[in-house]
Amino acid sequence: MNDLFALSPLDGRYAEAVSPLRDFFSEFAYLRSRVRVETDLLAGLSKIGLIRPLSESETAMLESVWKNFSPADAESIRAFEKRTRHDVKAIEYFLREKLSGSSLNDLLPWIHFGLTSEDANNIAQALSLRGSRDSILLPALDDLLVQVLGFVKKYRALPMLARTHGQPAVPTTLGREFAVFLSRLKKLRDEISAHPFEAKLTGAVGNFNALQAACPQTDWLKFSADFIQACGLQPNLVTTQILPYDNWIRYFDSLRTLNAVLIDFAQDLWRYISDDLLKQAAIEGEVGSSTMPQKVNPIDFENAEGNLGIANAFFTHYAQKLSVSRLQRDLSDSTVRRTFGAALGHTLLAWTNFMRGMKRIAANEEKLRAELNAHWEVVSEGAQTILRAAGRSDAYETLKSQTRGRTLSQADYQSWLASLDVDDPTRAKLNALTPETYLGLAVELCDKVISETQRLFGAENLL
């Protein structure tokens, strides 16, 4: 369909940016993944001797059904579903038709054997969550972190004015401000990367009723655990008809928190750009305003902020909705779970735009230094602490009377210092204070974060 008529901007305006996720969360991908679960089940039943052994060609045939799954196959399932109004039963009928007349014809009764629809559904979606994380989201997030890392390294020692409550506070470095975000994002990246995805194969109400009734000689608890683990997932054997989604919610919560950190970051960058502390590259041919020709707007960070908010609205709803189910289950979770691709799509789109914005910014070093050096009152914290260490009990009050609500110049500070009655070592410490040198351990903290991040990626992957 022409993307001009797409209902969602993810399938229209932003389709190219999020297209990799279609391989995991499109309707086609969901059908294919459930076909895989059903064919893998047949192979699993054969491995434990419940059904006859499969020849190499039969094993290859089963694998080819999902590996070569085509749009025509998907349409065939949809045709069955029009009659059944049940998507998983439609998949079963499709497989029966697909394998009918082959050497596997005798195994048709074992398709979807002892399962409930949710066994196939939850395994398929867990595979999609894991696969999309590993092949799409983590690589994109790592690109973003490497980009921020490069900024931290470049500006680790560039002094700037830090603000608390929006007011001049004490000096910091531009790299250190970015390092705070980099450290937060890396911790969340580690959480996301290490998250194990749960899945279940436990039958219609979680008790393996049908499987145990039909084949009581089989250890179904072991089979279920082994089957789920073979999929690269973590088995949950204690469920209702549906998998308790607590595990998936924790994954979404990690993404939501990371997105919230990026919203915080984007808003700070927007402010730095607004204050002319960061410069944006003006790209030839681009237009910033339909009426104001001078404009270069921070649209990439604004786009990122908006999409991060949309994604987090989804993630918040998942925590509220998927943690609750009436009795054994109700179907309201199913339609919610079909939006996972939208939530991750807005996330990926936001990360992409954030990175695009990062590529266009650079420090306005002259402005940063000028702003800092216009506020000598910001060294008063250090001055009063030096005086305290020298035994002056009135240190804070002395500096407060000179600085509160005032902007001090270098001459003002030097005049105050000249009037002080202190020993020479203390005077030397006070005299050494300047806005550009009163940086504490900002550079060392940058280096710590740089080192930790470089260990994650390896030198060959860094800027």
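Reader: Is Tyr245 buried or exposed?

Author: In this predicted model, local features need pLDDT of at least 70, side-chain atom pairs count only at pLDDT 80 or more, and totals for chains, interfaces and linings use all residues. Residues are numbered from 1 along each chain as its sequence is written, and side-chain values use heavy atoms, with hydrogens and water left out. Buried means under 20% relative accessible area, exposed over 50% and partly exposed in between, with a 1.4 Å probe and protein chains only. Because its relative accessibility is 1%, Tyr245 counts as buried.

Reader: Which residues is Tyr245 in contact with, leaving aside its neighbours within four places in sequence?

Author: Tyr245 is found in the loop between strand 4 (234–235) and helix 11, where helices (H or I, at least four residues) and strands (E, at least two) are DSSP runs numbered from the N terminus. Taking contact as heavy atoms within 4.5 Å, and with the neighbours within four places set aside, the partners of Tyr245 are Glu118, Leu322, Asp333 and Arg337.

Reader: Which ring cluster includes Tyr245?

Author: Rings of Phe, Tyr and Trp (its six-membered ring) pair if their centres lie within 6.5 Å; planes under 30 degrees apart count as stacked, over 60 as edge-to-face and the rest as tilted. Ring pairs of this kind join Tyr245 to a cluster made up of Phe197, Tyr245, Trp248, Tyr251, Phe252, Phe314, Phe315, Tyr318 and Phe340.

Reader: How many aromatic pairs does the structure hold, and what is the angle between the planes of Phe252 and Tyr318?

Author: The structure holds 24 aromatic pairs. One of them is formed by Phe252 and Tyr318, which are 4.9 Å apart centre to centre and tilted, with the planes at 50 degrees. This pair links distant parts of the chain, since Phe252 is in helix 11 (residues 246–274) and Tyr318 in helix 12 (residues 299–321), 66 residues apart. The number of pairs is therefore given as 24, and the angle for Phe252 and Tyr318, buried at 0% and 1% relative accessible area, is 50 degrees.
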